[in-house]
Amino acid sequence: MRERFAAVGSRLLDEDPRLAVVLADIGADGFADAARRHPARVLNVGIREQLLVGVGGGLALTGMRPILHTFASFLVERPFEQVKLDFGHQGTGGVLVSAGGSYDWPSGGFTHMAPGDVALLNTLDGWTVHVPGHPDEAEALLRKAAAAGDDKVYVRLSVQVNEAPRAVDGVGFVTVHQGGGGVVVAVGPMLDSVLAATEGWDMTVLHATTVRPFDGRALRAAADAAGSAEVVLVEPYLAGTSTGHANDALADRPHRVLGLGVGRRELRRYGQLDEHLAAHGLDPRGLRDRIGGFLRR
């Protein structure tokens with residue numbers, strides 16, 4: 001996804017003079033050619049993440065459409081005050097594109113992990129959050145974000161990807177499988193694991209690549225069609241991040257919601273990506289046990 005981001009971002013700079021890319025060393029090599037073509041619109045501030053967001057906010061105040069990129073822990077967590085003030089309080093917009101996700105680079109340690117990034121942005125008003133599950137989806141959502149006027153958009157890239165892309169519109173959830181007896185919402189790169197975990201079960205699976213705003217209408221429609229208001233959310237970040245939104249969508253009817261995702265307990269051994277997924281119960285086996293137990297399968 002990061003390679004696709006650099007390629008698409010470089011082309012977008014050629015196409016739209018309003019765009020600018022702001023980096024903090026991370027990803028600078030991918031934009032080296034674009035920087036030579038557009039030296040005034042590809043800015044590398046060095047390892048200064050608060051400045052990264054501040055420069056982006058300043059560009060937005062001049063009418064530019066800034067695209068900011070670094071690891072999620074350095075883009076959302078470390079400069080959160082700047083995100084809150086330089087975009088939200090100032091009433092400006094921009095595109096934050098992260099890498100690293102919850103544990104994409106385990107050997108980088110906890111400083112390079114950000115399972116709480118979406119939950120943190122959820123405390124702010126007006127942010128659109130995209131979580132693509134495939135490079136093709138990432139490209140479509142990046143292009144939509146770049147052209148989104150002055151909106152505030154967060155695009156969460158990941159190493160984990162699904163085998164095939166799905167058609168995404170940057171707005172709502174997509175029905176991948178229609179069935180009865182429950183609804184599972186698979187966010188971004190969790191789709192393949194969810195499909196493997198629920199193989200042979202009669203249930204509805206929704207693919208969510210835009211999680212904010214939360215598509216409560218699609219969830220309600222899926223619950224109606226499935227004849228069941230039992231919902232499981234599978235998110236590649238902090239468990240329970242979207243359970244409140246699901247509960248709000250179904251507030252007028254009896255329902256149950258299970259939020260699966262990354263646990264709060266810090267895993268202190270480096271390991272590999274698949275080992276972290278298994279430890280959090282987000283591999284197909286773990287998901288089958290937990291979803292099955294909730295839905296009494």
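How many bridges join strand S8 to strand S11? In this predicted model, local features need pLDDT of at least 70 and side-chain atom pairs count only at pLDDT 80 or more, while totals for chains, interfaces and linings use all residues. Residues are numbered from 1 along each chain as its sequence is written, and side-chain values use heavy atoms, with hydrogens and water left out.

Strand S8 (residues 183-187) and strand S11 (residues 230-238) run parallel and are joined by four bridges. Strands (E, at least two residues) and helices (H or I, at least four) are DSSP runs numbered from the N terminus, and two strands pair if DSSP finds at least two bridges between them. Within this pair, Val184 stands opposite Val232 of S11.

Both strands belong to an open, five-stranded sheet of mixed pairing, ordered S7-S9-S8-S11-S12. Its edges are strand S7 (174-177) and strand S12 (256-262), each of which pairs on one side only.

Helix H12 (residues 284-294) has Gly286, Leu287, Ile291, Gly292 and Phe294 as its buried residues, buried meaning under 20% relative accessible area with a 1.4 Å probe, protein chains only. Their cover includes S8, S11, S12 and helix H8 (191-197), where contact means heavy atoms within 4.5 Å. After H12 comes Arg296, with a positive phi near 60 degrees.

Helix H1 (residues 2-15) also has buried residues, namely Phe5, Ala6, Val8, Gly9, Ser10, Leu12 and Leu13. Elements covering these residues include strand S1 (19-23), helix H2 (32-37) and helix H7 (135-146).

Methods
Buried < 20%, exposed > 50% of the residue type's maximum accessible area, 1.4 Å probe, protein only.
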